[in-house]
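Open the model in your viewer and keep the selection tool at hand. The tour goes stop by stop.

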Amino acid sequence: MSKPRILVARAIFPDIVDRLREHFDVEANPDDVIWTPAELAARLADKDGVLTTGSQRIDAALLAAAPRLKICANMAVGYNNFDVDAMTAAGVQGTNTPDVLTETTADFGFALLMATARRMAESEHFLRAGQWTKWSYDMFAGSDIHGSTLGIIGMGRIGQGIAKRGAHGFGMKVIYHNRSRLSTALEAECKATYVGKDELLRTADHVMLVVPYTAASHHTIGAAELGLMKPTATLINIARGGIVDDAALAVALRERRIAAAGLDVFEGEPSVHPDLLTVPNVVLTPHIASATVPTRRAMANLAADNLIAFFGGRGPLTPVNQPQAGLLR
Ligand code: DGY
């Protein structure tokens with residue numbers, strides 16, 4: 001019997017591609033070419049499954065051009081690149097990679113918070129540029145992490161990981177806002193108090209964004225929300241580009257309406273709003289919150305395991321939708 005045909009849409013660990021070859025007829029992309037939607041659709045025309053990395057858009061038009069496609073396994077916990085309704089309607093399974101990246105991403109959120117509040121990038125540029133000729137009492141004086149108030153918007157697994165680091169490790173007062181409130185037991189574990197969004201923005205010394213990107217979360221932080229924040233506050237976005245209005249943020253940073261921001265994700269990435277590149281009080285990283293070797297391997301392996309389990313008849317391990325059994329392609 002012929003093996004199912006799989007496309008691995010971006011370069012991933014070669015040994016994990018080899019593992020997929022034990023089960024599937026695999027077309028890989030070792031040169032990591034960024035295909036246009038039309039090029040991706042052409043490659044998917046004869047494929048039964050695809051391993052995506054979060055930057056390939058799977059929508060109704062692509063599904064129509066890929067009549068054999070049965071499963072899209074995203075190597076990411078976020079899956080805003082999937083039109084889930086279109087996939088479900090077409091009987092196509094979607095999967096993501098939750099849990100395996102939670103602690104690594106929470107570590108990074110904290111690293112970015114600390115780098116931002118303590119002005120590490122700005123001061124390193126100053127030093128490298130040979131501008132450090134004397135010590136002074138207020139040189140790169142930032143804001144404290146310990147004992148301050150951390151406001152987390154989006155309290156899923158990663159948000160909870162950040163809350164625990166802040167509350168237990170740094171003695172922070174943690175407040176959060178989320179679509180739904182956590183159970184009393186989880187709130188106690190995270191030492192976190194539920195508040196409204198405006199109260200969080202007005203009260204927090206540091207605001208951390210960890211919400212999934214949806215139409216409803218688009219521009220969760222825009223000019224009005226930035227206007228509510230303390231002038232001494234920092235804003236950290238490790239969620240998705242589009243959660244923050246980057247143009248409005250650049251204005252707020254330039255005019256010092258807030259003290260600083262740390263951004264790992266951007267609207268229209270890998271492009272970055274040009275004004276963010278010229279303001280000094282922002283730390284910019286290229287979407288690397290989950291980027292440790294063990295975690296990226298675990299993500300790739302989980303995406304591969306989803307494909308193997310699905311075609312092995314055992315069902316997807318970490319589904320993001322539930323196409324009706326009768327509708328599955
Ligand atoms: C995720 O897993 O969603 C990360 O942002 C990596 O894409």
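How far does a polar side-chain atom of arginine 240 lie from an oxygen atom of the ligand? Select both: the distance is 2.7 Å. That is a polar contact, a pair of N or O atoms within 3.5 Å; within protein, one must be able to donate a hydrogen and the other to accept it, and residues adjacent in sequence count only if both atoms are side-chain atoms.

Before moving on, note that this is a predicted model, where local features need pLDDT of at least 70, side-chain atom pairs count only at pLDDT 80 or more, and totals for chains, interfaces and linings use all residues. Residues are numbered from 1 along each chain as its sequence is written, and side-chain values use heavy atoms, with hydrogens and water left out.

**Stop 1**

Select histidine 287 next: an N or O atom in its side chain is 2.7 Å from a ligand oxygen. Now pick glycine 78, where a polar backbone atom is 2.9 Å from an oxygen atom of the ligand. The protein buries 85% of the 230 Å² that the ligand exposes when taken alone (accessible areas by the Shrake-Rupley method with a 1.4 Å probe; for residues, only the protein chains shown count as cover).

Show the whole shell: Ala76, Val77, Gly78, Leu101, Arg240, His287, Ser290 and Met299. Each has a heavy atom within 4 Å of the ligand. Four of the shell residues are nonpolar, three polar and one charged. Here Ala, Val, Leu, Ile, Met, Phe, Trp, Tyr, Cys and Pro count as nonpolar, Asp, Glu, Lys and Arg as charged, and the others, Gly among them, as polar.

**Stop 2**

Switch to cartoon view. Helices (H or I, at least four residues) and strands (E, at least two) are DSSP runs, numbered from the N terminus. Strands pair if DSSP finds at least two bridges between them.

Find the open sheet with the order β2-β1-β3-β4-β5 and parallel pairing. β2 (25–27) and β5 (93–95) are at the edges with a single partner strand each, so one side of each has no neighbour in the sheet. From one strand to the next, the twist averages 15 degrees.

Zoom in on β1 (residues 5–8). Three bridges link β1 to β2 in the parallel sense. Isoleucine 6 sits opposite valine 26 in β2.

Then select helix α13 (residues 293–311). It packs on this sheet and touches β1, β3 (49–52), β4 (71–74) and β5 (contact: heavy atoms within 4.5 Å). Its direction makes about 160 degrees with that of β4. Axes are lines fitted to C-alpha atoms, for helices over the stretch in contact, with angles from 0 to 180 degrees between N-to-C directions.

**Stop 3: the seven-stranded sheet**

Which strands form the open sheet of seven? The order is β8-β7-β6-β9-β10-β11-β12, paired parallel. β8 (192–194) and β12 (282–284) are the edge strands, pairing on one side only.

Pick β6 (residues 149–153) and β7 (residues 173–177): five bridges join them. Isoleucine 153 faces histidine 177 in β7.

**Stop 4: two loops**

Go to the loop between β11 and α12 (274–278) for proline 270. A cis peptide bond joins it to glutamate 269, with omega about 10 degrees.

Finish at aspartate 99, in the loop between β5 and α5. Aspartate 99 is not a glycine, yet its phi is positive, about 70 degrees.
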